[in-house]
Amino acid sequence: MTSLVIFKQHLGKIMKKRGQAILNDPLLNKGTAFTAKERDALGLAGLLPHRIETQDQQLERVFSNCARKPNDLERYIFLMSLQDQNEALFYRTVLSDLQRFMPIIYTPTVGEAALHYGAIFRRPRGLYVTAQDRGRVREVLQNWGGDAPSVIVATDGGRILGLGDLGANGMSISVGKLALYTAAGGIHPGSTLPIVIDVGTNTERLLSSPHYLGLRQKRIVGEAYQDLMDEFVEAVGEVFPDAMLQFEDFATENAITHLARYRDQSAIFNDDIQGTAGVTLAGILAALRITDGALEDQRVLFVGAGSANIGIGELVASAIAEKGMSLDAARKQLWFMDRKGLIVEGRDAINSFAAPYAHAHSPIGDIATAIEVLRPTILIGATGQPGIFDEPVVAAMAKVNARPVIFALSNPTSRSEATAEDVYLWSQGKAVFASGSPFGPVTVNDETHVPGQSNNVYIFPGIGLGVTSCKISRVTDTMFRAAARAVASGVSEDALKEGRIFPALDEIRTASLDIAVAIAEIAFTEGLAGISRPDDLRGFIAERMYSPRY
Ligand SMILES: O=C([O-])CC(=O)C(=O)O
Ligand SMILES: [Mg+2]
């Protein structure tokens with residue numbers, strides 16, 4: 001389907017609707033920008049003020065309204081209602097300055113929005129599947145009505161960012177991720193579908209809150225939960241057979257179980273395991289361009305044994321193994337710590353997913369000591385525990401490495417293992433630092449360092465673009481390694497000089513296109529693409545990217 005075909009389909013839709021129905025459809029509405037000719041043809045005469053504005057003029061109004069809001073949560077509410085009225089103008093706004101707007105519609109503000117979902121609720125968006133829908137999930141999905149989605153993001157709210165179990169409030173994260181699919185990956189907004197699978201919440205604060213909008217009960221678990229998930233995945237396959245399904249922010253155990261159970265059924269992946277792994281591997285590969293190291297020589301200490309770090313460990317191990325060693329040997333270079341200290345062979349309470357990394361070693365309780373003993377070149381935190389990378393930890397990394405690589409991945413900003421400022425200061429500017437949530441540049445001893453944002457937003461939009469454009473039937477780990485290499489090689493030498501190891505946000509669409517092409521090539525080679533390879537693959541994919549201009 002070329003953009004011309006998409007345009008014609010759109011035109012077909014707009015021709016069917018008239019008057020108020022057009023203004024009330026955010027995918028069609030252009031507000032004051034409808035031309036005189038359009039107003040006549042579409043029955044809009046009298047329904048709009050006289051003046052015809054350009055999209056740029058509308059954009060100016062959005063900017064000034066947004067600037068007048070007292071804080072980012074209010075800006076979030078304002079931008080979400082713009083999205084509900086006029087999607088094109090919303091995306092034009094976001095894309096006009098991603099540096100400014102991404103932290104509002106996505107991490108970190110989306111975390112605050114999720115905490116207060118019930119209180120700031122305006123209108124429903126997406127689909128709410130609840131535990132009470134067992135036996136009729138297909139029917140619920142059919143109620144969606146609109147165009148068949150090509151990308152679905154589903155969460156059960158079990159672990160929203162580093163904020164814990166937020167139950168049905170998790171809808172915010174599905175909505176936020178899909179906004180980035182469109183902004184960063186060029187997926188048409190009309191073909192995205194956010195879903196929350198509301199199985200209850202164990203968070204007392206929500207259960208007793210008068211504003212809570214979800215199922216007011218403890219989470220269903222065990223067989224009842226698994227049966228609902230099975231029914232959900234099956235129903236998605238039947239009702240939306242062409243959609244890619246992204247799992248988001250499930251609690252670790254469920255995230256890993258679902259991925260293993262469903263990944264071979266259709267185009268399904270888990271963003272927190274595979275997307276985070278992809279972006280972190282990209283960050284490591286780019287960091288090695290600064291430290292001049294080889295991947296196979298790295299020793300990594302992971303703090304936290306949740307879905308993010310487990311996923312990163314697996315992908316990094318497989319990338320090291322590709323350099324010519326066994327997976328077992330590669331894993332020996334990776335160490336994990338959890339609340340109980342270093343995960344070593346024979347220790348009790350080892351999460352089964354971390355077991356392959358429980359190497360023979362005497363126990364070590366604290367991070368700084370583990371660094372002095374194991375001498376990791378790379379330190380990665382995904383704990384949800386703010387400040388756990390304190391001065392002794394950062395100083396230890398700087399003592400054993402000329403250029404220590406330190407990633408504090410927990411989101412939102414309030415949960416980061418360290419701030420950019422602290423890490424640069426405590427390492428005397430030596431650290432190559434990245435964080436999951438955005439931090440501004442920091443100057444230490446007259447030198448300015450720009451922290452990278454190691455967020456899966458550099459990965460999932462490109463995966464979605466590749467999968468939907470080339471009708472890719474499975475999302476494989478080989479594709480995530482290829483995505484990581486594509487992102488890492490897109491970082492300019494100038495960026496590396498400032499310590500920045502990810503592409504600038506205004507280059508993110510190019511990064512997504514690079515990923516889409518890279519994973520499509522793999523799909524064509526491995527027989528996973530549903531179309532034959534276009535001669536100009538890059539041009540073919542680029543042509544399908546959504547533009548928010550009228
Ligand atoms: O949403 C984000 O910013 C990254 C992510 O997947 C998470 O923290 O769970
Ligand atoms: Mg997530």
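UniProt, in an unreviewed entry, lists Tyr106 and Lys177 under "active site". UniProt positions are given here in the numbering used for this model, feature names are shortened, and annotations may be inferred rather than shown by experiment. The two residues are spread over 72 residues of sequence but cluster in space, with a largest C-alpha distance of 7.3 Å. Tyr106 sits in the loop between helix 7 (98-105) and helix 8 (109-115). Helices here are DSSP runs of H or I with at least four residues, strands are runs of E with at least two, and both are numbered from the N terminus.

Before going on, the conventions. This is a predicted model, in which local features need pLDDT of at least 70 and side-chain atom pairs count only at pLDDT 80 or more, while totals for chains, interfaces and linings use all residues. Residues are numbered from 1 along each chain as its sequence is written, and chains are lettered from A and ligands numbered from 1 in the order in which they are written.

Back to the loop that holds Tyr106. Pro108 lies in the loop between helix 7 and helix 8 as well, and the peptide bond from Thr107 to Pro108 is cis, with omega near 10°.

Thr107 also belongs to the surroundings of ligand 1, together with Leu161, Asp249, Asp271, Asp272, Asn411, Gly436, Asn455 and Asn456. A residue is near a molecule here if its C-beta atom, placed from the backbone, lies within 6 Å of it. By class, that shell has 1 nonpolar, 5 polar and 3 charged residues. Nonpolar means Ala, Val, Leu, Ile, Met, Phe, Trp, Tyr, Cys and Pro, charged means Asp, Glu, Lys and Arg, and the others, Gly among them, are polar.

Another residue of the shell, Asn411, begins a cis peptide bond to Pro412, with omega near -10°. Pro412 is in the loop between strand 10 and helix 20 (420-426).

Which residues does UniProt list for "binding site"? The unreviewed entry gives Glu248, Asp249 and Asp272. They span 25 residues in sequence, yet no two of their C-alpha atoms are more than 6.6 Å apart, so they gather at one spot. Glu248 is in the loop between strand 4 and helix 14.

Now the domains. The assignment gives domain 1 (3-101), domain 2 (105-266), domain 3 (274-454) and domain 4 (458-529); such bounds come from an automatic or database domain assignment. Domain 2 and domain 3 have C-alpha centres 29 Å apart. Their contact takes 8 residues from domain 2 and 11 residues from domain 3, where two residues are in contact if their C-beta atoms, placed from the backbone, lie within 7 Å. On the domain 2 side, helix 14 (residues 252-262) supplies the largest share, 3 residues. That side has 4 nonpolar, 4 polar and no charged residues.

One is an open sheet of 5 strands in the order 1-3-2-4-5, with parallel pairing; two strands pair if DSSP finds at least two bridges between them. Its edge strands are strand 1 (127-130) and strand 5 (268-270), each pairing on one side only. Strand 2 (residues 151-155) and strand 3 (residues 192-198) run parallel and are joined by 5 bridges. Ala154 has Ile195 in strand 3 as its bridge partner. Helix 11 (residues 171-185) lies across strand 2 and strand 3, at about 160° to strand 3. Axes are lines fitted to C-alpha atoms, for helices over the stretch in contact, and angles run from 0 to 180 degrees between N-to-C directions.

The other open sheet has 7 strands in the order 8-7-6-9-10-11-14, with mixed pairing. Strand 8 (341-342) and strand 14 (452-453) are at the edges with a single partner strand each, so one side of each is left without a neighbour in the sheet. Strand 10 (residues 405-408) pairs with strand 11 (residues 432-435) in the parallel sense over 4 bridges, and Val405 stands opposite Val432. Helix 15 (residues 271-291) packs on this sheet, touching strand 9 (378-381), strand 10, strand 11 and strand 14, and its direction makes about 155° with that of strand 10.

One last residue. Asp292, in the loop between helix 15 and strand 6, has a positive phi of about 60° although it is not a glycine.
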